[in-house]
Amino acid sequence: MTEVIADWFDTERIIRAAETEDEIGTVLRMHLAIDQLLEFYLSRQITPDLKPYVKMPPNTGQKLAFAAAFGMPIPFVRAMHEVNGIRNKLAHKVKSLTDDIVAQLARQVDSIKEIDESFTPLAKRYIELPIARPGERITFGSGDVRLDFLISTFALMVAASKWFATELDAPNE
């Protein structure tokens with residue numbers, strides 16, 4: 001299962017999401033990573049018996065609805081739904097991330113504590129950017145909404161991956 005988890009995270013994509021100053025690039029890259037996690041989850045839930053009747057949905061919103069129906073914990077669904085909404089807002093309406101948009105995401109991500117007592121709240125998290133800002137620890141809430149978004153989505157992905165690893169059967173090898 002460890003190899004599968006490593007495959008979920010396209011390290012190069014996540015590094016580009018972190019190191020870029022482009023908010024939209026960060027949001028799109030992290031949204032894609034979350035979409036890939038949803039596809040993995042659904043590919044495990046849509047068993048061979050169900051495949052003739054249940055097809056992989058084409059968009060993230062539909063994947064989230066299926067994931068919820070198949071039993072993904074609601075805190076993950078809420079947080080992923082929030083990321084999807086942010087991606088859609090940036091694609092169609094809003095010109096940039098704002099404090100209130102990221103604060104709402106943070107509330108949803110922090111709600112993961114409801115199902116995982118070991119979840120570290122975002123307020124206690126930080127990121128290091130070895131290329132753009134070497135040697136600097138940037139804490140959540142330090143004023144950079146793009147980095148707060150990144151910390152939030154990465155925390156969500158890690159928590160969801162841990163849940164997948166413990167709750168889903170090991171892949172057939």
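Which residues of β1 form its covered face, and which its uncovered one? The covered face of this strand consists of Ile127 and Leu129, whereas Tyr126 and Glu128 make up the uncovered one. The model is a predicted one, in which local features need pLDDT of at least 70 and side-chain atom pairs count only at pLDDT 80 or more, while totals for chains, interfaces and linings use all residues. Residues are numbered from 1 along each chain as its sequence is written, and side-chain values use heavy atoms, with hydrogens and water left out.

The protein chain holds seven helices and two strands, where helices (H or I, at least four residues) and strands (E, at least two) are DSSP runs numbered from the N terminus. Following the sequence, these elements come in the pattern α-α-α-α-α-α-β-β-α. The chain has 173 residues, of which 45% count as buried; buried means under 20% relative accessible area, exposed means over 50%, and partly exposed lies in between, with a 1.4 Å probe and protein chains only. Taking contacts (heavy atoms within 4.5 Å) between residues at least 6 apart in sequence, 66% join residues at least 24 apart.

The two strands can be taken together. Strand β1 (residues 126-129) and strand β2 (residues 133-139) pair in the antiparallel sense over four bridges, pairing being assigned if DSSP finds at least two bridges between two strands. A hairpin connects β1 to β2 through three residues, and Leu129, which belongs to the covered face of β1, stands opposite Arg133 in β2.

Helix α6 shows how one side of a helix can be turned inward. Spanning residues 99-110, α6 has twelve residues and reaches 16 Å from its first C-alpha to its last, close to the 16 Å expected at 1.5 Å a residue, the expected span being 1.5 Å times one less than the number of residues. Its buried residues are Ile101, Val102, Leu105, Ala106, Gln108 and Val109. They lie on the same side of α6 because they cover an arc of only 165 degrees around the axis, the arc being that of the directions from the helix axis to the C-beta atoms. An α-helix has 3.6 residues a turn, so residues three or four places apart point the same way. The buried residues of α6 pack against α5 (74-92) and α7 (145-167), while the face turned away from the buried side carries the exposed residues Asp99 and Asp100.

Setting aside residues up to four places away in sequence, Val109 touches Ala79, Phe119, Leu122, Ser152, Ala155 and Leu156. Together with Met72, Leu97, Phe149 and Leu156, Val109 is among the residues with the most contacts inside the largest nonpolar core, which has 47 residues; such a core is a set of buried Ala, Val, Leu, Ile, Met, Phe, Trp, Tyr and Cys residues joined through side-chain atoms within 4.5 Å. At least two residues of this core come from each of α3, α4 (60-69), α5, α6, β1 and α7, and the largest share, twelve residues, is supplied by α7.

Asp35 is found in α3 and, at 9% relative accessibility, counts as buried; leaving aside neighbours within four places in sequence, Asp35 is in contact with Thr60 and Lys63. Arg44, also in α3, counts as partly exposed at 25% relative accessibility, and its C-alpha is separated by 10.0 Å from that of Phe164, 120 residues apart along the chain. Ile46 lies in the loop between α3 and α4 and is buried, with a relative accessible area of 5%. Beyond neighbours within four places in sequence, Ile46 is in contact with Lys51, Val54, Lys55, Met56 and Phe70, and the C-alpha atoms of Ile46 and Phe66, 20 residues apart in sequence, are 9.7 Å apart in space.
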